[in-house]
Amino acid sequence: MRAAFPYTIPIFAGYWFLGLTYGILMNVSGFSFVWPMVMAAVIYSGSVEFVAVKVLLSSFHPLQAFVMAFMIGARHLFYGITMLDRFKHKGWKKPLLIYFMSDETFSVNYTAKIPKDVDEGWFMLWITLLDFLYWLTGATLGGIFGNLITFSTKGLDFVMTAMFVVIFVEQWLKDSSHVSAILGIVLSVISLLLFGSDHFVIPAMMLMLLVLLTLRPRLAKAADKESDVMSDHRDSKTHLSERKEDQA
Amino acid sequence: MTLTQQIITVVCMALAVMTTRFLPFALFQGRKTPKVIQYLGTVLPAAVFGLLVVYCLKNVDVTSGNHGLPELIAITATVLLHVWRRQMMLSIAGGTIIYMILVQTVFA
């Protein structure tokens, strides 16, 4: 734990800020603190939970809610693919590492240089659990004390917009090709104009999949380069851990 | 929505996220990831985040009221702040505060 804790300090600040904001938003939207607390525990994905506030306040569309949460959470699929080898042979820790993986936890566990005398499984588990604890306490406290806030919270819901704008910009700065990012915006706006604000999400996602798969021959070249780098990286890591096991 | 409908919605969303977490381990453990999945893995995130930005703004009316000006200003500020300092929390907090000030004062 001592090795893991320092890595989680920036995440503590971020998670408390966002978690508190989320709890407060739920509170001012008329939900008891039990909602943000339980949702923090069972969903544990900030972006999905923020969207859930909006979804819970609109009309009942369980399938759309599922598809939406799946698409927003879809990046976990790729974290999972990346961590397949790292989570091998972690025994009872493995389901916990999978269940409580978040963007931040993934990026720390993936990139951190774990000291040689520290067990990899325990290190990753501590990062994972500490991050989760920060989020859970932030969301719960925000839910409990949200009504004590004396300043006007009008406009606070913009935090979700700001979050996605920042993630979008971050992705943009990372990608060499911006075709997919632009498609995401353009196709969503087209779908919004065609289907209206209550029903545009699923058609937009279908359109995106369709166009991205059609463009695959053109876009795959750039994508291949990136994923080759990734899988090379993974291969070398696998070899390393195999070597470690051999030595053990 | 009734309470039951809200609970069903939360359960649906929780199940969806849980599926995204466990599916790769159920499908690809010990096998090579199909090329098409790898491709989607590199191109889909950017598009989905674009969709989410639009989703957040879906109820902004550009034809009347403030014509989406507070949103436009706050988003521009968020982007500039982020390109400038590259600190996620700072950009999110800064953009939100600017927006709150705008809708509570200038565009109140």
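How much area do chain B and chain A bury between them? In this predicted model, the figure is about 7,500 Å², with 78% of it on carbon and sulfur atoms. The contact involves 69 residues of chain B and 91 residues of chain A.

Take chain B's side of this interface next.

Now the polar links. The rule finds 16 residue pairs in polar contact across the interface, both partners at pLDDT 80 or more. It finds one salt bridge between chain B and chain A. Which side chains meet in a salt bridge? They are those of E170(A) and R86(B), at 3.0 Å from N to O.

Turn to the surface. A nonpolar patch there brings together residues of both chains: W172(A), L173(A), I182(A), V186(A), I190(A), L194(A) and F195(A) with V83(B). Together they have about 710 Å² of accessible area. Two helices of chain A give two or more residues to the patch, α9 (158-174) and α10 (179-195). Which of them gives the largest share? That is α10(A), with five residues. L173(A), also part of the patch, has its place in helix α9 of chain A.

Terms used. Residues numbered from 1 in each chain as written. Chains lettered and ligands numbered in written order. Predicted model: local features only at pLDDT ≥ 70, side-chain atom pairs only at ≥ 80, totals over all residues. Heavy atoms only, no water. Contact = heavy atoms within 4.5 Å. Buried area = accessible area lost by both parts, 1.4 Å probe. Salt bridge = Lys/Arg side-chain N within 4 Å of Asp/Glu carboxyl O. Polar contact = N/O pair within 3.5 Å; in protein donor to acceptor, adjacent residues only side chain to side chain. Patch = residues over 30% accessible without salt bridge, like charges linked within 9 Å, V, L, I, M, F, W, Y side chains within 5 Å. Areas by Shrake-Rupley, 256 points an atom, 1.4 Å probe, with all protein chains shown as cover. Helix = DSSP H or I, 4+ residues; strand = E, 2+ residues; numbered from the N terminus.
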